[in-house]
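Colleague: Please take a close look at one part of this model. Start with a pocket, then go on to the charged pairs.

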Amino acid sequence: MPKIVVEKSGPLKGSVRISGAKNAVLPIMAAALLAEEKCIIEDVPDLKDVNVMSAVLRSLGSEVTKLENGSLEIYTPEIKTAEAPYELITKMRASFFVMGPLLARLKNAKIPLPGGCAIGARPVDLHLKGFKSLGVEINIEHGYIEGKADKLVGNTIYLDFPSVGATENIMMAATLAEGVTIIENAAEEPEITDLANFLNKLGANIKGAGTDTIKITGVERLGGTRHQVIPDRIETGTYMVAAAITGGDITIENVVPNHIKPVIAKLRECGVDIEEMDDALRVRSTGELKAVDVTTLPYPGFPTDLQSQFMGLMTVANGSSVVNETVFENRFMHVSELTRMGAKIRIEGHSAVVEGIKRLEGAKVSATDLRAGATLILAGLVAEGKTEIHNIYHIDRGYVEIESKLTSLGARIYREED
Ligand code: EPZ
């Protein structure tokens with residue numbers, strides 16, 4: 001099995017370009033099922049999750065072609081089946097995003113129940129509540145969710161929690177429904193806005209994306225378009241922490257500073273110097289970090305997808321900090337791995353108390369989800385000696401060429417067979 005080896009590295013220096021956002025491109029690819037004409041999606045990150053989503057679309061009848069410049073062409077003149085394949089859906093939760101488009105275009109969908117994962121049960125009850133409000137009859141049996149409707153009719157839907165996936169799935173289903181759909185307490189993440197922009201370019205009528213109330217007025221059909229995916233704000237935050245933890249000086253390019261404000265603010269509280277440019281950030285640190293508390297919240301709060309990376313930073317900060325995880329019920333799997341590296345962390349329910357120490361020790365550790373995997377790489381950059389990270393398939397799901405990007409900044413990191 002391949003593993004990633006990280007050795008203690010000096011301060012990272014140089015520049016790195018951020019790839020297109022994984023969590024924007026996956027729903028946008030699913031939304032391409034709604035388009036009767038060709039869609040070209042640009043700045044698509046070369047990730048395993050994108051390949052899985054491409055396979056799901058092909059299984060439903062889409063022609064998916066990787067163009068020479070890394071763009072994806074998706075053409076679905078007609079959807080051949082309403083049933084998504086078990087072996088693909090259970091590989092990646094995000095493939096559940098095809099349910100909204102299938103219901104919109106075929107008024108029928110049969111999807112395997114998506115599994116939970118290391119960070120929690122991750123139910124889809126809010127997605128189904130939304131579909132039912134649009135007139136869809138939902139049956140769950142033999143591990144499949146089946147949705148059927150004579151037609152979809154707009155309605156007002158209140159989300160008990162501002163779920164990103166539920167907001168996206170319901171928004172897609174509502175694009176071809178009769179009348180107006182209002183999603184209240186909607187998620188406000190930038191990826192929602194990027195999806196709405198893509199859908200509106202196809203001919204949809206969506207207003208309010210990026211706020212807690214989204215209005216979708218149904219239309220007859222959707223055409224094709226060309227769309228460039230927004231940069232990945234979570235990858236951006238990961239490299240910001242890499243600069244902070246190594247006391248480095250890096251310029252991060254292809255960034256929307258407005259998408260990463262809570263992380264900029266929090267790192268400045270720690271004493272990190274951050275210069276904001278139009279589409280880049282310069283992040284400098286002396287390596288001396290002040291311990292600071294953090295609480296994850298739905299956007300525009302501090303992102304849960306950067307909780308583990310920030311915790312990694314706090315393990316070598318001066319003082320104690322409290323990390324509160326409010327979005328997922330089990331997103332502290334990285335704590336035991338950081339502890340193996342000498343970190344001093346005590347979990348108390350949804351909070352982790354981190355007592356900063358002078359230095360971590362390299363160790364054999366294991367990635368439990370993609371963000372925890374990235375955290376272990378960052379910790380390995382400053383730990384004494386070598387850190388060996390196993391189960392690195394998690395990392396490849398969400399980070400484009402992480403070793404080569406870090407190596408170009410001076411990191412000592414390489415991949416080898418176990
Ligand atoms: C998206 O997941 C992201 N994934 C996650 O990124 C991210 O952590 C999450 O949003 C929160 O920002 C993609 O966009 C592909 P949610 P999603 O629905 O849509 C509960 C990464 O590392 N919930 O906002 O699944 C749920 O259990 C991944 O890139 C329900 O209870 O997140 C969780 O506790 C990890 N019922 C909370 O809401 C539902 O029907 C947030 O989930 C739906 C969600």
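**Pocket and charged pairs**

Modeller: The second largest pocket has a volume of about 350 Å³ (the space filled by probe spheres set on its grid points). This is a predicted model, where local features need pLDDT of at least 70 and side-chain atom pairs 80 or more, while totals for chains, interfaces and linings use all residues. Residues are numbered from 1 along each chain, and side-chain values use heavy atoms, without hydrogens or water.

The lining holds 8 nonpolar, 8 polar and 5 charged residues (charged: Asp, Glu, Lys and Arg; Gly counts as polar).

Now the charged pairs. There are 30 salt bridges (Lys or Arg side-chain nitrogen within 4 Å of an Asp or Glu carboxyl oxygen). One of them joins Arg221 to Glu36 at 3.2 Å, N to O. Arg221 sits in the loop between strand 12 and strand 13 and Glu36 in the loop between helix 1 and strand 3, so the pair ties together parts 185 residues apart in sequence (helices are DSSP runs of at least four residues, strands of at least two). Arg221 is partly exposed at 39% relative accessible area (20% to 50%, 1.4 Å probe), and Glu36, at 31%, is partly exposed too. Another salt bridge pairs Glu276 with Arg268 at 3.3 Å. Lys3, Lys364, Glu388 and Glu416 form a network of salt bridges.

Terms used. On a 1 Å grid over the protein atoms alone, a cavity is a set of points where a 1.4 Å probe fits but cannot get out, and a pocket is an open set with protein on both sides within 12 Å along at least five of seven lines; lining residues have an atom within 4 Å of a point.
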